[in-house]
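Colleague: I would like a close look at a single part of this model, together with the elements that pack around that part. Please take the account step by step.

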Amino acid sequence: MLTACTSGTTGTSSDNVAALGTSPLQNPDGTRPGLAPLTTAADRKAGHDLIAKVRTAPPGPRTGYDRDQFGPAWTDNVDGTALGHNDCDTRNDLLARDGRSVQHKSGSTCTVTAMTIHDPYTGRTVQWTKAQATKIQIDHVMPLSYDWRMGASKWDKAKRVRIANDPLNLVPADGSQNSAKGDSGPAEWLPADPKIRCAYAVRFAQVSLKYDLPVTPADKQAMLAQCS
């Protein structure tokens with residue numbers, strides 16, 4: 001099982017970059033903690049070049065979409081991902097991946113009960129406990145209903161379960177941000193913190209490219225604009 005990142009301190013100065021997470025350009029499989037902003041001209045250009053590779057297509061209908069089409073929520077019974085079959089559900093794996101000072105339920109190496117976490121979508125550091133579970137939610141960067149409309153409706157069930165539990169497509173983030181996003185693409189919704197938007201667009205592109213799913217033309221234009 002992936003363990004929590006325990007190095008670094010909270011804040012946003014150059015002395016604690018580790019607390020902000022990992023650049024998506026240095027995290028192509030999503031197994032490293034968090035999502036850090038892309039701040040240099042070189043990184044933003046690299047992000048822009050990666051987004052340029054994404055295919056576009058008009059969205060298909062939402063007809064037939066159901067969350068169950070992507071398997072049980074946060075199942076550990078998934079093949080082809082870094083977190084599958086490790087005796088811990090995907091949600092707790094992601095909390096442990098991105099959290100610091102992680103505490104587990106007594107007698108468990110899986111269930112996270114408290115942690116400190118940097119929320120990339122707002123830029124805030126959050127003290128989280130399981131009693132306030134919805135304060136931090138796991139965002140599907142490329143939403144599942146979006147996946148369905150862009151081609152996942154034609155996939156077999158195993159591939160849909162994989163994208164739903166792939167750490168590359170999952171970011172623990174502020175619950176209100178996740179709720180506001182819904183199934184929107186980048187043309188309709190972007191994180192509240194402008195500093196993270198290029199990194200978010202790059203992560204969206206990474207998922208698109210890995211699963212050969214197109215995005216809408218409007219979404220690609222919005223993604224490119226974040227890294228201009």
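Colleague: Where does tyrosine 200 lie, and with which residues is tyrosine 200 in contact, leaving aside its neighbours within four places in sequence?

Modeller: The model is a predicted one, and the description below should be read with that in mind. Tyrosine 200 belongs to helix H6, which spans residues 197-210. Because its relative accessibility is 0%, tyrosine 200 counts as buried. Once the neighbours within four places in sequence are set aside, the residues in contact with tyrosine 200 are Leu35, Tyr121, Asp139, Val141, Lys181, Trp189, Leu190 and Pro191. Lysine 220 stands 20 residues from tyrosine 200 in sequence, and the C-alpha to C-alpha separation of the two is 12 Å.

Of the 5 residues of S4, 5 are buried, and the strand is mostly covered. Gln137 and Asp139 point one way from S4, while Ile136, Ile138 and His140 point the other way, and all are buried. S4 is paired with S5 through 5 bridges in the antiparallel sense, and within this pairing glutamine 137 is found opposite alanine 173 of S5.

Helix H4, residues 157-165, connects this region with H6 through its packing. Its buried residues include Arg160, Val161, Ile163, Ala164 and Asn165, and the buried residues of H4 pack against H2, S4 (136-140), helix H3 (144-149), S5 (170-174) and H6.

H6 also packs against H1, at an angle of about 35° and with the two axes 9 Å apart, and the crossing of H1 past H6 is left-handed. On the H1 side the contact is made by Arg44, Gly47, Leu50 and Ile51, and on the H6 side by Cys198, Ala201, Val202, Ala205, Gln206 and Leu209. By class, the residues of this contact of H1 with H6 comprise 7 nonpolar, 2 polar and 1 charged.

H1, which covers residues 41-51, has a further partner in helix H7, residues 217-226, and these two pack with axes 8 Å apart at an angle of about 165°. That angle makes H1 roughly antiparallel to H7, and the crossing of H1 and H7 is left-handed. Here Arg44, His48 and Ile51 of H1 meet Lys220, Met223, Leu224 and Gln226 of H7, and the residues of the contact of H1 with H7 are 3 nonpolar, 2 polar and 2 charged.

H2, against which buried residues of H4 pack, leads on to another sheet. That sheet is open, with 3 strands in the order S1-S2-S3 and antiparallel pairing; its edge strands are S1 (100-104) and S3 (124-129), each of which pairs on one side only. Neighbouring strands of the sheet are turned against each other by 15° on average, direction ignored. S2, residues 112-119, runs antiparallel to S3 and is joined to S3 by 6 bridges, and methionine 115 has tryptophan 128 in S3 as its bridge partner. H2, residues 90-98, packs on this sheet and touches S1, S2 and S3, its direction making about 55° with that of S2.

Conventions
Residues numbered from 1 in each chain as written. Predicted model: local features only at pLDDT ≥ 70, side-chain atom pairs only at ≥ 80, totals over all residues. Heavy atoms only, no water. Helix = DSSP H or I, 4+ residues; strand = E, 2+ residues; numbered from the N terminus. Buried < 20%, exposed > 50% of the residue type's maximum accessible area, 1.4 Å probe, protein only. Contact = heavy atoms within 4.5 Å. Pairing = 2+ DSSP bridges. Axes fitted to C-alpha atoms, helices over the stretch in contact; angles between N-to-C directions. Parallel < 35°, antiparallel > 145°, perpendicular 65-115°, else oblique. Left-handed = near helix turned anticlockwise from the far one by under 90°. Nonpolar A, V, L, I, M, F, W, Y, C, P; charged D, E, K, R; others polar.
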